[in-house]
Amino acid sequence: VALPAAYAFSRYSFLGDKHVFFWLLTNRMTPPAVFLLPFFQLYTTLGMMDTHIAVALAHLLFNVPLAVWILEGFMSGIPREIDETAYIDGYSFPRFFVTIFLPLIKSGVGVAAFFCFMFSWVELLLARTLTSVNAKPIAATMTRTVSASGMDWATLAAAGTLTIVPGAIEYVVAVSSSQERPHFFGSRAALRRISSRSTQYISARRFLNRTSPTKSRHAFDGAS
């Protein structure tokens with residue numbers, strides 16, 4: 001969900017784009033307690049209480065704006081000439097996005113996935129309110145160690161250790177993806193071809209703009 005939204009914000013300008021982008025961020029800035037009662041009433045009416053999909057949809061409200069904000073910054077750093085050159089080379093948009101554009105922002109995807117995972121993994125308020133038995137996450141399950149007789153420290157320590165493991169794995173994956181050089185799923189020839197044609201395309205546009213800023217640009221765009 002966040003990938004196409006971030007691509008649209010980074011590549012296109014439309015009426016109210018800045019306001020829509022700010023509205024997405026305000027959803028992330030809002031405390032989860034504000035949406036707690038509406039979620040509870042909605043899920044009770046639809047019969048979705050204590051289900052995994054209910055918790056996932058509630059977390060989407062906070063994770064999608066964060067992911068869009070992070071990915072938009074990474075996508076804006078990719079030159080638009082890469083897109084134009086790929087289209088000239090005959091790439092369709094799905095093929096271009098998956099095989100060329102997505103590997104270039106692989107580090108951004110890793111960072112966004114890490115922060116979204118950490119929010120959902122340790123979130124407690126929505127998890128305790130929208131679930132009771134079947135869909136309770138581990139963070140909410142750990143609160144059961146508190147009873148009238150005291151704290152079950154052994155069980156709490158074991159659960160805490162298990163809680164750290166997925167986060168550590170996600171951190172290692174995010175760091176490794178941010179340090180690796182972008183590749184095209186084994187097609188380095190595609191990278192060289194797109195980079196070469198992108199350089200030629202930029203040089204041609206600069207030459208035509210310098211010789212005839214108006215007429216030549218229309219002629220070049222029409223030929224493309």
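## A walk through a mostly helical model

Let's begin with a pair of helices: H3 and H4 pack with their axes 11 Å apart, at an angle of about 145°. Axes here are lines fitted to C-alpha atoms, for helices over the stretch in contact, and angles run from 0 to 180 degrees between N-to-C directions. Helices (H or I, at least four residues) and strands (E, at least two) are DSSP runs, numbered from the N terminus. The model is predicted, so local features need pLDDT of at least 70 and side-chain atom pairs count only at pLDDT 80 or more, while totals for chains, interfaces and linings use all residues. Residues are numbered from 1 along each chain as its sequence is written, and side-chain values use heavy atoms, with hydrogens and water left out.

Back to that pair. H3 passes H4 in a right-handed crossing; a crossing is right-handed if the near helix is turned clockwise from the far one by less than a right angle, and left-handed if anticlockwise. On the H3 side, Pro32, Phe35, Phe39 and Tyr43 meet Ala54, Leu57, Ala58, Leu61 and Phe62 of H4. Contact, here and below, means heavy atoms within 4.5 Å. Sorted by class, this contact of H3 with H4 has nine nonpolar residues, no polar ones and no charged ones. Ala, Val, Leu, Ile, Met, Phe, Trp, Tyr, Cys and Pro count as nonpolar, Asp, Glu, Lys and Arg as charged, and the others, Gly among them, as polar.

Leaving out residues up to four places away in sequence, Leu61 touches Asn27, Phe35 and Phe39. Asn27 is found in helix H2, and although Leu61 and Asn27 are 34 residues apart in sequence, their C-alpha atoms are 6.9 Å apart in space. Is each of the two buried or exposed? Asn27 is buried, with a relative accessible area of 11%, whereas Leu61 counts as partly exposed at 22%. Buried means under 20% relative accessible area, exposed means over 50%, and partly exposed lies in between (1.4 Å probe, protein chains only). Setting aside neighbours within four places in sequence, Asn27 is in contact with Phe35, Leu61, Phe62 and Pro65.

The loop between H3 (32-46) and H4 holds Asp50. Most residues other than glycine have a negative phi. Asp50, though, has a positive phi, near 60°, and Asp50 is buried, with a relative accessible area of 13%.

Now zoom out. The protein has 12 helices and two strands, following the pattern α-α-α-α-α-α-α-α-α-β-β-α-α-α along the sequence. Buried residues make up 34% of its 224 residues. Of the contacts with a separation of 6 or more, 71% are between residues 24 or more positions apart.

What sits inside? In soluble globular proteins, nonpolar side chains tend to be buried together. A nonpolar core is a set of buried Ala, Val, Leu, Ile, Met, Phe, Trp, Tyr and Cys residues joined through side-chain atoms within 4.5 Å. The largest one here has 25 residues, and Tyr7, Val68, Leu71, Met75, Phe96, Ile100 and Phe101 touch the most other members. Helices H1 (2-11), H2 (17-29), H4 (52-76), H5, H6 and H7 (106-122) each supply at least two residues of this core, with the largest share, seven residues, coming from H4. A second, separate core of 11 residues includes Leu36, Tyr43, Phe119 and Leu130.

Tyr7 is one of the buried residues of H1, along with Ala2, Ala6, Phe9, Ser10 and Arg11. The buried residues of H1 pack against H2, H4, H5 and H6. Phe101 reaches Tyr7 and Arg11, and also Met75, Ile78, Asp83 and Phe96, leaving aside neighbours within four places in sequence.

The axes of H5 (residues 80-88) and H6 (residues 93-104) come within 11 Å and cross at roughly 140°. That makes H5 oblique to H6, because angles under 35 degrees count as roughly parallel, over 145 as roughly antiparallel, 65 to 115 as roughly perpendicular and the rest as oblique. This crossing is right-handed. From H5, Ile82, Asp83, Ala86 and Tyr87 make the contact with Phe93, Phe96, Ile100, Phe101 and Leu104 of H6. These residues divide into eight nonpolar, no polar and one charged.
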